[in-house]
Amino acid sequence: MTESWVRFPSVHGARVLFVTADDVFVAPLAGGAARRLTSGAGAAARPRLSPDGTRLTWDSTAEGAREVWEAAADGGPARRVTWGGATNLCFAPRGDLLIASAVGQPFARATIAATLGPDRVPRPLPFGPLAGLARSPSGRLLLCRHATALSTWRGYRGGRMGVAWLGVPRGGDDDDWHGTPFAWEKVQLPFAAAHPTGGAGRFWFVGDPGDAPELCSVDETGQDLRVHTRLGGTGVRHPASDGVSLVFVHEGRLLRSTAAGPVAVPLEVAAQRADRQRRPFPVARFVEEVDLHPDGHSLLIGARGRLHALGFWEGP
């Protein structure tokens, strides 16, 4: 079995999507051989399948800024569908793609949700700034703000702490997020929250109850807080559910939540690991000291803890 570092999983029935080596792969949820779905030049993230399983979406830095891309789930050319900087969230109930973008906002971190219909014109939702969004079968929403990666915010309890808000629909069509009014109330949590997802009658998210982010949940009313893992280490990341199965990542391993506890999903990934590739870096940004050779024909440069001897092109 090829070693791989898994990120951004997403489950759809008997299939699980994930990112490794900067590309999107798909594998059986029970484990087995993974198949590459993308091969772009940028770093892919947050892959999603449409509710009918025919469309694949993800965001990538293939053309510089992070944008959302789309392709047929069974293969085909990739199409860029956003042009102002965006990340991929999920699919709205009516099949529209849901993105997060800071276009038109005063700060880059103040991303808001917008739907993308067939015309690919973003329609902002009246939910305010958010970093993640989940929906329950009853139509309720759980919205997380501020923090996205609790592994770098662990123990933080200041004004930028990740918070969760519960949205309850008040009349109208629960599937029409543009026309349905929601009553919002803050979920009272003793720690930060990020990466919400809905499934099995609960809202699941990454919480920060102690030394490391763990898998947590509340019921559809925002009550009955539970901490489901005590894995420690670098913590739990990126939980995702299709309403039946729940997967998440811990220290690069793909895990599936079961009644008996987390179970590793064995993956066979035929891909070169991105973290083992040689990567050039701009020396000028990391120069620590410079010394000229006594004869004047070269420089000795210290950068990132290593010494580099560079000769002059045209002599002293």
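Buried means under 20% relative accessible area, exposed means over 50%, and partly exposed lies in between, with a 1.4 Å probe and protein chains only.

## Basis of the model

This is a predicted model: local features need pLDDT of at least 70, side-chain atom pairs count only at pLDDT 80 or more, and totals for chains, interfaces and linings use all residues. Residues are numbered from 1 along each chain as its sequence is written, and side-chain values use heavy atoms, with hydrogens and water left out.

## Cysteines

Cys 144 is buried, at a relative accessible area of 1%. Cys 216 is buried too, at 0% relative accessibility. A disulfide is a pair of cysteine sulfur atoms within 2.5 Å. By this rule there are zero disulfides. Cys 144 is in none; the nearest cysteine sulfur, that of Cys 216, is 11 Å away.

## The largest nonpolar core

A nonpolar core is a set of buried Ala, Val, Leu, Ile, Met, Phe, Trp, Tyr and Cys residues joined through side-chain atoms within 4.5 Å. The largest one here has 17 residues. Phe 18, Val 247, Leu 254, Leu 267 and Val 269 touch the most other members. Three strands each supply at least two residues of this core: S2 (15-20), S3 (23-28) and S23 (246-250). Strands (E, at least two residues) and helices (H or I, at least four) are DSSP runs, numbered from the N terminus. In soluble globular proteins, nonpolar side chains tend to be buried together.

Take Leu 254. Contact means heavy atoms within 4.5 Å. Not counting residues up to four places away in sequence, Leu 254 touches Val 6, Pro 9, Val 16, Val 247, Phe 248, Val 263, Ala 264, Val 265 and Leu 267.

Strand S12 (residues 112-116) is largely enclosed by the rest of the structure, because five of its five residues are buried. Both faces are covered. Ile 112, Ala 114 and Leu 116 lie on one side, Ala 113 and Thr 115 on the other.

Two strands pair if DSSP finds at least two bridges between them. S12 pairs with S11 in the antiparallel sense over five bridges. Leu 97 has Leu 116 of S12 as its bridge partner. S12 also pairs with strand S13 (residues 122-129), again antiparallel, over four bridges. There, the bridge partner of Ile 112 is Pro 129. S12 and S13 form a hairpin with five residues between them. Arg 120, in the turn, has a positive phi of about 60°.

## Ser 101

Ser 101 lies in strand S11 (residues 97-101). Ser 101 counts as buried at 11% relative accessibility. A polar contact is a pair of N or O atoms within 3.5 Å; within protein, one must be able to donate a hydrogen and the other to accept it, and residues adjacent in sequence count only if both atoms are side-chain atoms. A polar side-chain atom of Ser 101 lies 2.8 Å from the backbone oxygen of Gly 85. The Ser 101 side chain also reaches the backbone nitrogen of Val 103, at 3.2 Å. Beyond four places in sequence, Ser 101 touches Gly 84, Gly 85, Ala 86, Ala 110, Thr 111 and Ile 112.

## Positive phi in strands

Most residues other than glycine have a negative phi. Phe 8 is not a glycine, yet has a positive phi of about 50°. Phe 8 lies in strand S1 (residues 7-12) and is buried, at 11% relative accessibility. Arg 46 also has a positive phi of about 50°. Arg 46 sits in strand S6 (residues 44-49).
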